[in-house]
Amino acid sequence: MDEVLSDSFGLVHGNGTRQTKKEWIDMMERMDIIYHTEKTGYLAITPNGKTAQVIGQTLLDVTSTAHPRQPFNLQQTLTAEEVNGEWKFIKSLCKIL
């Protein structure tokens, strides 16, 4: 994750919680959130010069300190940007479906 996310990456979870790249990665490393499985049902990538939007609809099986293990139908809208020939995700907005 560290390699594909820009240092300025920001994540907005489906419940409205906002996290930085470091906070989100630290949470996964501490196992405060565990993504057990995912199944993507829809994926669209729209390039626009040096940026791109990626929209995915996914069924996630997740455990976190906030809730017991359960499935979530999630739509994630990611924005990517090319800098010096490398693509990095700069933000993510998640919505529970």
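**Notebook: a pocket, a helix and some strands**

**Entry 1: Asn84.** I looked up Asn84 and found it exposed, with a relative accessible area of 78%. My cut-offs are over 50% for exposed, under 20% for buried and partly exposed in between, with a 1.4 Å probe and protein chains only. The model is predicted, so I took local features only at pLDDT of at least 70 and side-chain atom pairs only at pLDDT 80 or more, while totals for chains, interfaces and linings use all residues. I count residues from 1 along each chain as its sequence is written, and side-chain values use heavy atoms, without hydrogens and water.

Asn84 sits in the loop between strand 5 and strand 6. I take helices (H or I, at least four residues) and strands (E, at least two) as DSSP runs, numbered from the N terminus. The phi of Asn84 is positive, near 55°, and Asn84 is not glycine. Most residues other than glycine have a negative phi.

**Entry 2: the largest pocket.** How much space lies in the largest pocket? I read about 850 Å³. A pocket here is an open set of points on a 1 Å grid over the protein atoms alone, where a 1.4 Å probe fits, with protein on both sides within 12 Å along at least five of seven lines; lining residues have an atom within 4 Å of a point. Its volume is the space filled by probe spheres set on the points, which are joined across faces, edges and corners.

The lining holds 34 residues, and Trp24, Tyr35, Leu60, Leu74 and Cys94 are the closest to the pocket's centre. I sorted the lining into 21 nonpolar, 12 polar and 1 charged. Nonpolar covers Ala, Val, Leu, Ile, Met, Phe, Trp, Tyr, Cys and Pro; charged covers Asp, Glu, Lys and Arg; the others, Gly among them, are polar. Strand 4 gives the largest share, 7 residues. Helix 1 (21-29) and strand 1 (5-12) are among the elements that each supply at least two.

**Entry 3: helix 1.** Which residues of helix 1 are buried? I list Lys21, Trp24, Ile25 and Met27.

Met31 is exposed, at 55% relative accessibility.

**Entry 4: strands.** Strand 3 and strand 4 pair antiparallel over 14 bridges. I call two strands paired if DSSP finds at least two bridges between them. Tyr35 stands opposite Val62 in strand 4. Their hairpin has 2 residues between the strands, and Gly49 has a positive phi near 70° there. Strand 4 and strand 5 also run antiparallel, with 13 bridges. A hairpin of 2 residues joins them.

**Entry 5: two residues.** I found Gln53 in strand 4, with Thr79 in strand 5 as its bridge partner. Gln53 is partly exposed, at 35%. Beyond four places in sequence, Gln53 touches Ala44, Ile45, Thr46, Thr77 and Leu78. Ser6 belongs to strand 1 and is buried, at 12%. Beyond four places in sequence, Ser6 touches Lys21, Lys88, Phe89 and Ile90.

Notes: Contact = heavy atoms within 4.5 Å.
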